[in-house]
Amino acid sequence: MSQAVQHLDSFARVKATVPLEIRQSSIPVAGRGMFATELISAQNLIFSIAKPLLCIVDDGAEALRNICDNCFATRKGIYQTIRERRLTYDFPDGILNKPSNLKSWTFLSILRIINSSDPPEACRIEAWEHHHRVECTVLSQMHHDLRGVENKVPARSMRALIRLMCLYDAGMIPAAEWEEFMSLKVTSGIGREKLAGHVEYLAEIVDYYKVTKLEKSVVKQLAYAHFNNNLVMDQPLLRNSFSYPSGNGCVTSGVCLEPFASMINHSCQPNSWWTFNGSEFQLRAVRDIPTGEELSISYIGITASYRSRQENIIKDWGFECSCLLCKEGPQEPMEGPLHENLLEIQKLERSTPVGSPLQMNQDFIDEMLLSGYHLGNYPIPYLYRQIYTATLRKGDNIEGLKVYLKIYFEIEHVVIPPPFPDDRINSLKKVISLIRTAELVESLLITEEIKSLLPYIRGFLSKKLCRETEKCFGPDTEIAKFEREQHQKMFGQSTNAYDDRERYVNDINKVLGWAGLTNIPEMNL
Ligand SMILES: C[S@@+](CC[C@H](N)C(=O)[O-])C[C@H]1O[C@@H](n2cnc3c(N)ncnc32)[C@H](O)[C@@H]1O
């Protein structure tokens, strides 16, 4: 059968840096897939879409309640409140003074990336007329509706679907775009069985409130398509000068349904990843992607355990993952005493929030290394992270720094699958923050000589952070501007004071030696 190839010129909203094609996926059974027809270099932007076809700002995050997702602008009232809060926090330096309210980070992030001017009055009136009134009515009624509680659809999915139907009924979706929505692949197999209750409930609500003139079968098709194709809108989190919130360094600002971006299939070791700069969707390369290789993203985030990847893909997406990593990559111990031990460690992790005891982790790591596994094999990297967390909880910042230096300079270079560029940036932020803490702490565990090396290393790494952020997200993004400002605030205008790589390499090697790390290749420093 000859396979239709769809070229980029059919999608005017897409700004691509190389020609892209949509055709039969290289993964049997996956359907269509997206391919680049030229080489793409690591971290390069592959394509962007200034405003995906359907964006729903998440009202689950308190900071976003008053953002108009018709035009992605903040309303004045909330903007002022946030400004006041920002002033009261006005982040003091140092990890020890970290503000306890994580939501303040969300406020900052979102404010910087979302246009802060008032949405025009006309925009609000228009939005109310064509979808907002229906959306509000249904959602507020649903809140009190106790029927089918177990099948309640998440509010943002409900809003996305109501929005789509209302805009269609109002004649606001051009025929070609509607065709794109209607041709989205719907969930099949086990995934479909799991979603059936939710979709029935949704169709019933839509019918009861007379949301749309569309046939019930079309409503259900759109619902299955939404669940099979929506993408969360994660924005990079703007941190304090030194400290950082725990977690993964991004904040979810909503959900989007973007049919072009939906053509990208899943891999557990993907060659690309997506991020948002405000409402702009960006697809970026994790590594060099040769001409003709299919583009892939991970639908479940980066997960090192073979077993949990398989389970999560089946549970959340309803298909069996047969990507190269799952077929040929390493697996954790699946039988024998190491497997039994691993189950014990995982059980402990679920029952004690503090993480499993340090010695138990260290013993297990030693056993795995003796059995022929290497530092990058699951669960070793994850056990080191637990050791790091438990060490900080004990208040031992100096030991915490040592463990994290191992994670950043050694383990993350060999971990399978490798971390995304934005995860590496978050790790770098942690290293910088821990170094700052070590500079301030009085402790016999660190010599004066090592302490004296830290400020230069921190300045050098802070500049590296600016460069990496620009490479990772693009130089004109809010996060890149923010990091440049932070660097200047901390280290002043003298831009070349921290450019001496020879000095840095010499100093960091001494610090790594103090932390028990030797033989780190220079390119990893
Ligand atoms: C977001 S869509 C991707 C585009 C889709 N291939 C199409 O033809 O429209 C997600 C669906 O693609 C298929 N898919 C994506 N990645 C896959 C993979 N690694 N293995 C098998 N099927 C996959 C599954 O049917 C999944 O539900």
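The model is a predicted one, so please read every value below as computed from its atoms.

**Around the ligand**

Let us start with the ligand. There are 19 residues around it, and those that come nearest are Gly 31, Arg 32, Lys 185, Asn 265 and His 266. Sorted by class, the shell holds 8 nonpolar, 9 polar and 2 charged residues. Which elements supply at least two residues each of this shell? They are strand S4 (32-36), helix H7 (216-229) and strand S11 (265-266). On the domain level, domain 1 (6-52 + 258-317) and domain 2 (54-232) each give the shell at least three residues.

The table sets out the geometry of three packed pairs.

| Pair | Angle between axes | Axes apart |
|---|---|---|
| H4 (155-169) and H7 | roughly 130° | within 11 Å |
| H12 (380-393) and H13 (397-409) | about 165° | 8 Å |
| H15 (448-473) and H17 (501-514) | about 130° | 9 Å |

On the H4 side, Ser 157, Ala 160, Leu 161 and Leu 164 take part, meeting Leu 222, Ala 223 and His 226 of H7. This contact comprises 5 nonpolar and 2 polar residues, with no charged ones.

How do H12 and H13 run relative to each other, parallel or antiparallel? Angles over 145 degrees count as roughly antiparallel, and the pair packs at about 165°, so H12 and H13 fall in that class. Their crossing is left-handed. H12 brings Tyr 384, Arg 385, Ile 387, Tyr 388, Thr 391 and Leu 392 to the contact, while H13 brings Asn 397, Glu 399, Gly 400, Val 403, Tyr 404, Lys 406 and Ile 407. By class, that gives 7 nonpolar, 3 polar and 3 charged residues.

The last pair is H15 and H17, whose angle of about 130° makes them oblique to each other. H15 passes H17 in a left-handed crossing. From H15 come Ile 450, Leu 453, Tyr 456, Ile 457 and Phe 460; their partners in H17 are Arg 503, Tyr 504, Asp 507, Ile 508, Lys 510, Val 511 and Trp 514. Here the count is 9 nonpolar and 3 charged residues, and no polar ones.

**Backbone spots to look at**

Two cis peptide bonds deserve a look if you are preparing the model for your own work. One joins Tyr 378 and Pro 379, with omega of about 5°. Pro 379 sits in the loop between helix H11 (358-370) and H12, and H12 is also the helix that packs with H13. Another joins Ile 416 and Pro 417, where omega is about -10°. The loop that holds Pro 417 lies between H13 and helix H14 (421-440).

Finally, which residue has a positive phi although it is not a glycine? That is Val 29, with phi of about 75°.

Technical notes
Residues are numbered from 1 along each chain as its sequence is written. This is a predicted model: local features need pLDDT of at least 70, side-chain atom pairs count only at pLDDT 80 or more; totals for chains, interfaces and linings use all residues. Axes are lines fitted to C-alpha atoms, for helices over the stretch in contact, and angles run from 0 to 180 degrees between N-to-C directions. Helices (H or I, at least four residues) and strands (E, at least two) are DSSP runs, numbered from the N terminus. Angles under 35 degrees count as roughly parallel, over 145 as roughly antiparallel, 65 to 115 as roughly perpendicular and the rest as oblique. A crossing is left-handed if the near helix is turned anticlockwise from the far one by less than a right angle, and right-handed if clockwise. Two residues are in contact if their C-beta atoms, placed from the backbone, lie within 7 Å. Ala, Val, Leu, Ile, Met, Phe, Trp, Tyr, Cys and Pro count as nonpolar, Asp, Glu, Lys and Arg as charged, and the others, Gly among them, as polar. A residue is near a molecule or strand if its C-beta atom, placed from the backbone, lies within 6 Å of it. Domain bounds come from an automatic or database domain assignment.
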